[in-house]
Amino acid sequence: MKKEKVFSRALSAMLILFGVSVGAFAEGWYNDPEIPNSGIIPKTLGHLTADGKKQLVNFSKVNPVSINTQSDSLSHRFGGEGTYVFGDIVTAGNSVLEAMKADTIGDATVYTGAYRTDGGMGKQYNNSKDEIKLPNGVTRDDIVFARLYWFGHLYANEGLPNSWDSAGNLEVKDIAGYKKAKLKIGNEQASATYEVESEVCNGVFAYDSDKKLLPDNAINKGTQYRYNMHYTCSVDITEKIKNNFSDYSDTIEIAAGDIKVTKDNAARRKDGKLDGTRIYTSNQVYRLANADKEKNPEKGFMEDQAALLPFGGWYVVLVYDKSLEARQKLLDNPSLIGKSDRKGAKEHLDKYFKAKNVTLYDGYLSLEPDTGNNTNISADFRLDGIYTPTHGDYIQGKLLFGSFGSNKGNYSNLSDDQKKSLNEGLFVKNAKNGKYERLTSPSNPLATFNGSKSKYVVDDNGKYKFEGMQCSQSGCGNKYLQGYDLDEFDISDKFGNGQTSIDITLKQQPLPGGKGTNRAYVAFMGFSVDLHVPNLCYAQKFYDTAGWLAGILL
């Protein structure tokens, strides 16, 4: 990982409080302080264009003029080199928006916007639910890590009514409170609800006071300003999960909501009537890849129209680890996991609580080509410090990631040759042949970023078993989660014996044949792989005053 810049977020925030313009001298247009939770954004925050009409606050590590060097955009969060657990990493999550019928923003009859409110948290704000699945035998003491992530896309549906005030502040009421979310743990009979506040947020905010992009036939042309922000926030919830978990349960029901997200189309009324035809305009003000194309951060501001989907949702990532003491307890009390003897308990532990290297990275990574369909985006990662078993044909491993912003991933209109050349998704270097291979699953047969959700659980044979959406090259049908992806991939066939590192690349490209683009903003990525545990032996020797009596190898 690269060293932090001299002007850290904390220092930049202090300078802003004293009225100093950080954007005027900060190195690069990234690593800016977070957008204030109040939604009141100082003109001194981030960066202004030379004409003073546009503002960018890039509170991520993505350098807009070096978009293909994003390996440091995700930071180490859990595990890593030399660490292991006797357990695994698992996920849950959901979107908080109803999916629109069309793939992208179209006419007003396609999508008018609706929040999901099926998470058991009431109807007053968006919320949805999911459950974490665990093997039999997990107790609250085994839960060593749990983190809640949430994300959203915010923009001016009918334009902002105001620009910077006399004090140099821009007030965006819809942003206020974006750093907070609601969390519910447990089912309807026994649950606890919390308001949580983020420990860290990452994303991009852009504002444009130049009104020229509004269409000529918009009734409010020349009176509105535009902004948009897509972001991800996260907070540790380990203790909250542990406090609401019943030992030896095999599921944890989780709901989250009250996430700040715009649910409606970016639209302008053409004729002034409520039921009149609408003209759809750009709700994306800045695109990082546009800046990279011109190697000029100011060129990231949109000079053409691009409609970006409404999206918002949440994820939970959890790690469980059965300690030596806890493993011994099950061996001594096999009935706790429904086993009749020590042998059955040991077989259960060896199957469901194997030694694994578990690693999690998070932050904000942008996989979005430019509007001219010219830029391929990629990010490379190498995970060191793993050590797979030195023998055996099956080495269990999986990769998981959470991303947002994707469309339906309907690639059925591509030719067979174009499908074969598709250079999007997650690629893992196969240790057996040295080649990078694109990961697929029943949820992701062609498109990786397609609004799907899936996971792999350990079956009775100790192998990974797929659970999730069954999608096609045309998408996931009515199960499509708009702008939301939470997927796991079985990478067990990519490892070799005694392997000490794994190479992974994330890619996105304009679709072949000029058929548009997809995108993914990645919030986290994790790995789990079997760890080599050597068979230890020791020599026990007995002796008396005359010398050694025996040496017994045990």
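User: How many cavities of 30 Å³ or more does a search of the whole structure find?

Analyst: The search finds three cavities of 30 Å³ or more. This is a predicted model, in which local features need pLDDT of at least 70 and side-chain atom pairs count only at pLDDT 80 or more, while totals for chains, interfaces and linings use all residues. Residues are numbered from 1 along each chain as its sequence is written, and side-chain values use heavy atoms, with hydrogens and water left out.

User: What makes a space count as a cavity?

Analyst: On a 1 Å grid over the protein atoms alone, a cavity is a set of points where a 1.4 Å probe fits but cannot get out, and its lining residues have an atom within 4 Å of a point. The second largest cavity holds about 40 Å³, a volume being the space filled by probe spheres set on the points, which are joined across faces, edges and corners. Its lining includes His-230, Arg-287, Glu-368 and Tyr-521.

User: Why is Ser-441 called buried?

Analyst: Buried means under 20% relative accessible area (1.4 Å probe, protein chains only), and Ser-441 has 7% relative accessibility, so Ser-441 counts as buried. Ser-441 lies in the loop between β21 (436–438) and β22 (454–458), strands being DSSP runs of E with at least two residues, numbered from the N terminus.

User: Which residues does Ser-441 touch, not counting those up to four places away in sequence?

Analyst: Ser-441 touches Tyr-456, Phe-466 and Phe-489, where contact means heavy atoms within 4.5 Å.

Terms used:
On a 1 Å grid over the protein atoms alone, a cavity is a set of points where a 1.4 Å probe fits but cannot get out, and a pocket is an open set with protein on both sides within 12 Å along at least five of seven lines; lining residues have an atom within 4 Å of a point. Helices (H or I, at least four residues) and strands (E, at least two) are DSSP runs, numbered from the N terminus. Buried means under 20% relative accessible area, exposed over 50%, partly exposed in between (1.4 Å probe, protein chains only).
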